[in-house]
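Here are some notes to read beside the structure, for a colleague who is meeting it now.

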Amino acid sequence: MARIRHQDTEKPARGKPTARASEEASQVRDPDASEEEARLEERPGLRPMRMADYIGQEPLKRKLSVFVQAARERGEPLDHTLLHGPPGLGKTTMAQILAREMGVEIHLTSGPAVEHKGILAGHLTALGAGDLLFIDEIHRLTPAVEESLYSAMEDGRIDLPVGEGSRARTMPFSLAPFTLVGATTRTALLSAPLRERFQIVEGIEFYRDEELAQIVSRTAGLLGFPISAKGALEIGRRSRGTPRIANRLTRRVRDFAQVRGRVRIEETDAAFALDELGIDGEGLDATDRRILVTILDMFDGGPVGVEALAATLSEPRDTLEDVYEPFLLQRGFLIRTPRGRQVTRKGARHVAGDDGGQTPPPTPQSGDPGDEGEQGELDL
Ligand code: ADP
């Protein structure tokens, strides 16, 4: 079984190993993910530890299981693996499962925590043969650190500084064979040389409602609060395709059910609590709706550049792009054009609360003013 070593980090999946790193990392953190939640996520049993317990993502699990088996049969470490997808979809969880299935130890850290080459060298030299180093938010490594990672990934070597002052030089140090698992919210954030050094690159997709319902039932069971199948589906449906959110909502719905004296969460209990929490029937929360309404009201439905939108909403650009947008795009409430974000008819109808209350946004005209910097943006 894999042993887990959290190197210099309390909850590396959130990237907050030091106060400074925490500040940086907060830019891409799910803003609703609380400290309490981070602790609860580490609660024994909540995070699935085996491939078989990891709900959904069937194609991904099939592929990774083959790569794990093949590497084990060859007696080699798993190839370097990059996992990408929005926050809370299970990248850290999958890294831990990979270590366990490989029968190796996992060392966890995050891009903002690896502030300089010395810290990276510390992590790499601490790895035992075959161990797995997980770097969350790997796109946040500095260019200098990233560069030292190249030789570690490719040649199993790192240059260590020796001596001081005028006699300072570097000495190559051979590392034990290891696997790097990097996680990022978007591969486009990664530099091409780093991306190319991963032999396995896999995305984690938003989950289907039924899969989230399974996660909800499992979590409710772990919390010791029974839930009906319909109750679980109601929470799953409103969880933005994201297990972390499903787990969070399950706890909050449980609170409402408990205080209302229920012994089991029924569909009506779930719906009542979620309405109270401001989560609408499509799973959108107040910020999602504010994004759509702001684009409609302030920018005529769009297109609007992400910088202008972030400034108007007073939300960090990274949070908008990593936490909110992916789901709004996936559900067809928003589209990204080369000139910026645009609310769809579906999005307009949704915030209007009916099918006809809001004039649909105009289609983009060539020559519409967009943000500088949005021009030619290809990461759509
Ligand atoms: P990420 O690293 O992508 O931000 P995590 O791996 O930290 O996401 O997952 C967030 C939470 O969601 C974890 O606590 C875990 O319990 C739960 N979770 C994620 N993926 C799954 C899954 N496939 N099945 C069950 N629970 C999951």
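1. Q57 counts as buried because it has 21 C-beta neighbours inside 10 Å. Buried here means that 20 or more other C-beta atoms lie within 10 Å of the residue's own, exposed means 12 or fewer, and partly exposed is in between, with C-beta atoms placed from the backbone. Q57 is not a glycine, yet its phi is positive, about 55°. You will find Q57 in the loop between helix 2 (35-41) and helix 3 (58-74). Helices (H or I, at least four residues) and strands (E, at least two) are DSSP runs, numbered from the N terminus.

2. Please keep in mind that this is a predicted model, in which local features need pLDDT of at least 70 and side-chain atom pairs count only at pLDDT 80 or more, while totals for chains, interfaces and linings use all residues. Residues are numbered from 1 along each chain as its sequence is written.

3. R240 also has a positive phi of about 55° without being a glycine. Its loop runs between helix 9 (229-237) and helix 10. Is R240 buried or exposed? With 27 C-beta neighbours inside 10 Å, R240 counts as buried.

4. For the overall picture, the protein chain has 15 helices and ten strands. Of its 380 residues, 43% count as buried. Among contacts with a separation of 6 or more, 70% are between residues 24 or more positions apart. Two residues are in contact if their C-beta atoms, placed from the backbone, lie within 7 Å.

5. The largest nonpolar core has 60 residues, and A95, L98, L132, L133, F134, V216 and V253 have the most contacts inside it. Such a core is a set of buried Ala, Val, Leu, Ile, Met, Phe, Trp, Tyr and Cys residues joined through C-beta atoms within 7 Å. Helix 4 (residues 91-102) gives the largest share of this core, six residues. Domain 1 (2-203) and domain 2 (209-276) both contribute residues, so the core lies between them; the domain bounds come from an automatic or database domain assignment.

6. Which residues does L133 touch, leaving aside its neighbours within four places in sequence? They are H107, H123, L124, L127, F178 and L180. Another core, of 15 residues, lies apart from the largest one and includes I291, V304, L328 and A348.

7. The ligand has 21 residues around it, of which G90, K91, T92, T93 and P243 come nearest. A residue is near a molecule if its C-beta atom, placed from the backbone, lies within 6 Å of it. Helix 4 and helix 10 (243-259) each supply at least two residues of this shell. Domain 1 (2-203) and domain 2 (209-276) both give residues to the shell around the ligand, so the shell lies between them.

8. Finally, look at helix 15 (residues 345-352), where the buried residues are G347, A348, H350 and V351. These cover an arc of only 160° around the axis, which puts them on the same side of helix 15; the arc is that of the directions from the helix axis to the C-beta atoms. Their cover includes helix 12 (286-298), strand 9 (334-337) and strand 10 (340-343). After helix 15 comes G353, with a positive phi near 80°.

9. P303 sits in the loop between helix 12 and helix 13 (306-313).
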